[in-house]
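Please read the report below alongside the sequence and the coordinates.

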Amino acid sequence: MHSSSTKKPGESSSLRMMTRGLTLALILLLLAGMTAPALAADKYLYGSPTLSASIAGTNEFSPGQEIALAVALKNSGLNTFKFVDPTAVARDDLPNTAKLVTAALGADAAPVTVKTDPQFLGDIAGGKSATATFTVKVAEGAAPGTYSLPLTVTYTYLRSAEQYGSDSIQYFYEEKTEVLPLAVTITPDLRVEVLAVTTDDLNVGTEGYVHLTLKNAGYETAQGAVARIARSGTSPVVPTDAAAYLGDFAPGETVDVTFKAAVTTDAEAQTYPLDALVTYTDSDGDAATSKTVTLGIPVGGKTDFAVVSSGAVLYPGEKSVLEVVYKNTGAATVYNAQARISAIDPFTSNDDTAYLGDLAPGAEGTARFEMNVDADATLKAYGLDSEIRYRDALGSSRISDTMKVQVDLAQKTGSLVTNPVVLAAIAAIILGAGYYVFVMRRKADGQKGVM
C-alpha cells in the first residue's frame, strides 16, 4: 500500500525563498557587526603648556605714580600628536593645560615697589588666557628708561599617563616654574624740590612776601615753566600774586621766585601750609604739571595797638587838649599811622585825627585832640572810641581794632567861682545882703527923724 502526500503548486518555492532571505539578513547583520567602528578614546601623546605674559594697556609710567598693573597670561601650548585608541580610557586633563597657575611679580633692578602678593589664577587651557593685577608704585625720582619686571609663573601639567587594563589609568604630573619678563618704561618728568622758604612782613591780618628757592630735581626740561603757589586746604595763608614765569627749567637748575600772600585775621602766629607747583610743556609738547609740594610758611603775630596813657581829666565848659599815648604791641612795623577818636555827647571836636607816623613793634606815639566839653556835662568817667589807620609793608591800607580812651570829667579844685551854680548862689547872697542893709538903714534914718 503506498502512502502519498499531496503538495499544492508553488508551496516549496516560497519556503525556499524565505529561508534564503533569513540567511541573507543574518549574513548582512554579521557583516555589519564586523565593520561598525568601536567606541574609541582620543589619546594625546605629545604636548605641553606654552605661557607668555604681556601688560594690558600702557606700559609707560611716571616717577611717583602708583598703578594697578594688569598682566595678561596666555597659554599657546598645542597637543601635537593624537592617537585614537578604541581600548584607551578617556583622560581628564590635556597635556597642554597649565593647572594651578600662580603668578608673582618682582621688581629686580627696576625702581618700583610691588605691593601685591602672588596671584592664583587656576587652570589655563591651551588657547586661553587669564589676567593678574598687581599694585605697583614707581619710586620718586626714578631715572627714565625701560626696565624688565620678572613675572614668576608656577604651574602643573600632565606629563604622561599609564593605562592598566581596560578600565584604569595613572596620571603623571610635573610642576614647572618659568620667569617671564615684562617691559615697563619710566618717562622723564619735572620734580620740584624746595630748597629754601623765607617771608617778609607776613603777619596775621596783613599781606607780605613769600620767597622760594626751587630746584628741578627731575630729568625733564620744563619748557615755558611757570612756578605757582596755591592755598593748601583751609590754610589762612592765601596767595594774592600766585604765579612767576621761569621759562625753560632744566634738570638740576635752581631759581629764586617771590610771591605775595595775605593772612586772614583769624590766624595765629605759627607755621601754616602752602602748596607749590610748576606748570610746563613736556618734551612731547603736552601740557604737564609737577607734583604738588606742601611747604610750611611762618606767620608773624597780629598787628595790634594799645592805649598806654592813663585816663585824662577834662573840665565842663572848657576847651582842652586830650593827649593819648598809643603803643604798637604787634609784631610788624606800621607806616603812616594816624589816630582817630570819636567824640560823643558831651564832647565835641573840630580836629579828631592825629598823625603818629611809622611805629615799629614796641614803639609809642602820642596823639593830641582838641576837645570841647559842654558846661552842663555830668561829672563822671567816659569811654571814647579810638582807632588807628595805617599802611602795611606792601602799602595796603589797614584799620586797627577799636580801642577805648578813658576821659574823666571833674570840677577844678580851688576855684568854685568857675561853677555857674556857685556863681548864681553867690549873686543871690550878695543881692539878699544888699537888700537887707538897705532896709535896715532906712529904718534907722526914720527913727532919728522922729526924735
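The model is a predicted one, in which local features need pLDDT of at least 70 and side-chain atom pairs count only at pLDDT 80 or more, whereas totals for chains, interfaces and linings use all residues. Residues are numbered from 1 along each chain as its sequence is written, and side-chain values use heavy atoms, with hydrogens and water left out.

**Overall make-up**

The protein chain has two helices and 30 strands, where helices (H or I, at least four residues) and strands (E, at least two) are DSSP runs numbered from the N terminus. Of its 451 residues, 32% count as buried; buried stands for under 20% relative accessible area, exposed for over 50%, and partly exposed for what lies in between, with a 1.4 Å probe and protein chains only. The accessible surface of the chain is about 26,000 Å², and carbon and sulfur atoms hold 53% of that surface; areas come from the Shrake-Rupley method with a 1.4 Å probe, and for residues only the protein chains shown count as cover. Among contacts (heavy atoms within 4.5 Å) between residues at least 6 apart in sequence, 69% join residues at least 24 apart.

**Salt bridges**

Side chains of opposite charge can pair when their charged atoms come close. The structure holds 10 salt bridges, each defined as a side-chain nitrogen of Lys or Arg within 4 Å of a carboxyl oxygen of Asp or Glu. The table gives three of these pairs.

| Pair | N to O distance |
|---|---|
| K115 and E66 | 2.8 Å |
| E140 and K291 | 2.5 Å |
| K319 and E370 | 3.7 Å |

In the salt bridge between K115 and E66, K115 sits in the loop between β7 (112-114) and β8 (119-124) and E66 in strand β4 (residues 66-75), so the pair ties together parts 49 residues apart in sequence. K115 is partly exposed at 48% relative accessibility, and E66 is partly exposed at 45%.

For the side chains of E140 and K291, which meet in a salt bridge, the loop between β9 (129-138) and β10 (145-164) holds E140 and the loop between β19 (287-289) and β20 (293-298) holds K291, so parts 151 residues apart in sequence are tied together. E140 is partly exposed, at 40% relative accessible area, while K291 is exposed at 54%.

In the salt bridge of K319 with E370, K319 belongs to strand β23 (residues 319-328) and E370 to strand β27 (residues 364-373), so the pair ties together parts 51 residues apart in sequence. K319 is exposed at 58% relative accessibility, whereas E370 is partly exposed at 38%.

F61 lies in strand β3 (residues 60-61) and, at 7% relative accessibility, counts as buried. Leaving aside neighbours within four places in sequence, F61 is in contact with residues including I67, L69, V138 and I186. The C-alpha atoms of F61 and P188 are 9.2 Å apart in space, although these residues are 127 apart in sequence.

The largest pocket has about 340 Å³ of space. Of the 20 residues that line the largest pocket, the closest to its centre are S62, T187, P188, D189 and Y280. On a 1 Å grid over the protein atoms alone, a pocket is an open set of points where a 1.4 Å probe fits, with protein on both sides within 12 Å along at least five of seven lines, and lining residues have an atom within 4 Å of a point. Grid points are joined across faces, edges and corners, and the volume is the space filled by probe spheres set on the points.
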